[in-house]
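Let's take a friendly walk through this model, starting with a pair of packed helices and ending with a few individual residues.

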Amino acid sequence: AASSQLQIEETNSAEMMFRAYHKFLIVCSKIQDEGKDVVSTSYKKAQEQLPTVDEVAVLVGKAAAEYFFSYDEFYKVFVAPFNLTLHSELLWPMSTALSY
């Protein structure tokens with residue numbers, strides 16, 4: 001019943017992703033502060049603070065794919081090198097240099 005209430009749309013997709021990511025970050029930050037020797041017990045204690053299965057399922061589901069980048073799309077936009085050709089590089093003959 002809870003999953004039918006969670007529907008991702010263009011208007012709420014960013015907010016839903018932010019809330020889930022924020023929950024993960026808060027829990028991981030708290031657990032990191034506690035130390036490596038209690039990691040598994042800390043995660044068990046923090047289950048209420050993590051996003052629910054329904055929240056995560058909506059974000060990784062088929063409907064959400066149209067609102068978020070795939071890894072390949074993200075890489076192409078933000079990581080991969082790009083070629084930039086200025087308009088002035090295409091002009092011939094070259095324009096005279098500006099002097100002030």
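## How two helices meet

In this predicted model, the crossing of helix H2 past helix H4 is left-handed. Helix H2 covers residues 13–34 and helix H4 covers residues 53–60; their axes lie 10 Å apart and the packing angle is about 130°. That angle makes H2 oblique to H4.

Which residues of H2 meet H4? On the H2 side they are Met16, Met17, Ala20, Lys23 and Phe24, and their partners in H4 are Glu55, Val56, Val58 and Leu59. Sorted by class, this contact of H2 with H4 holds seven nonpolar residues and two charged ones, with no polar residues.

In soluble globular proteins, nonpolar side chains tend to be buried together. Here, the largest nonpolar core has six residues in all: Ile8, Met16, Ala20, Val58, Leu59 and Ala64. H2 and H4 are the elements that give two or more residues to this core.

Leaving aside neighbours within four places in sequence, Val58 is in contact with Leu6, Ile8, Met16 and Ala64.

Are the next residues buried or exposed? The table sets out their accessibility.

| Residue | Relative accessible area | State |
|---|---|---|
| Ser13 | 6% | buried |
| Ser42 | 5% | buried |
| Tyr71 | 60% | exposed |

Ser13 sits in helix H2. Because its relative accessible area of 6% is under 20%, Ser13 counts as buried. Beyond neighbours within four places in sequence, Ser13 is in contact with Ile8, Tyr67 and Phe68.

Ser42 has its place in helix H3, which spans residues 39–45. With 5% relative accessibility, Ser42 is buried as well. Which residues does Ser42 contact, leaving aside neighbours within four places in sequence? They are Ile31 and Glu34. From C-alpha to C-alpha, Ser42 and Ile31 are 6.2 Å apart in space, while in sequence they are 11 residues apart.

Tyr71 is found in helix H5, made of residues 71–79. Tyr71 is exposed because its relative accessible area of 60% is over 50%. Between Tyr71 and Lys36 there are 30 Å in space, C-alpha to C-alpha, and the two are 35 residues apart in sequence.

Technical notes:
Residues numbered from 1 in each chain as written. Predicted model: local features only at pLDDT ≥ 70, side-chain atom pairs only at ≥ 80, totals over all residues. Heavy atoms only, no water. Axes fitted to C-alpha atoms, helices over the stretch in contact; angles between N-to-C directions. Helix = DSSP H or I, 4+ residues; strand = E, 2+ residues; numbered from the N terminus. Parallel < 35°, antiparallel > 145°, perpendicular 65-115°, else oblique. Left-handed = near helix turned anticlockwise from the far one by under 90°. Contact = heavy atoms within 4.5 Å. Nonpolar A, V, L, I, M, F, W, Y, C, P; charged D, E, K, R; others polar. Core = buried A, V, L, I, M, F, W, Y, C linked by side-chain atoms within 4.5 Å. Buried < 20%, exposed > 50% of the residue type's maximum accessible area, 1.4 Å probe, protein only.
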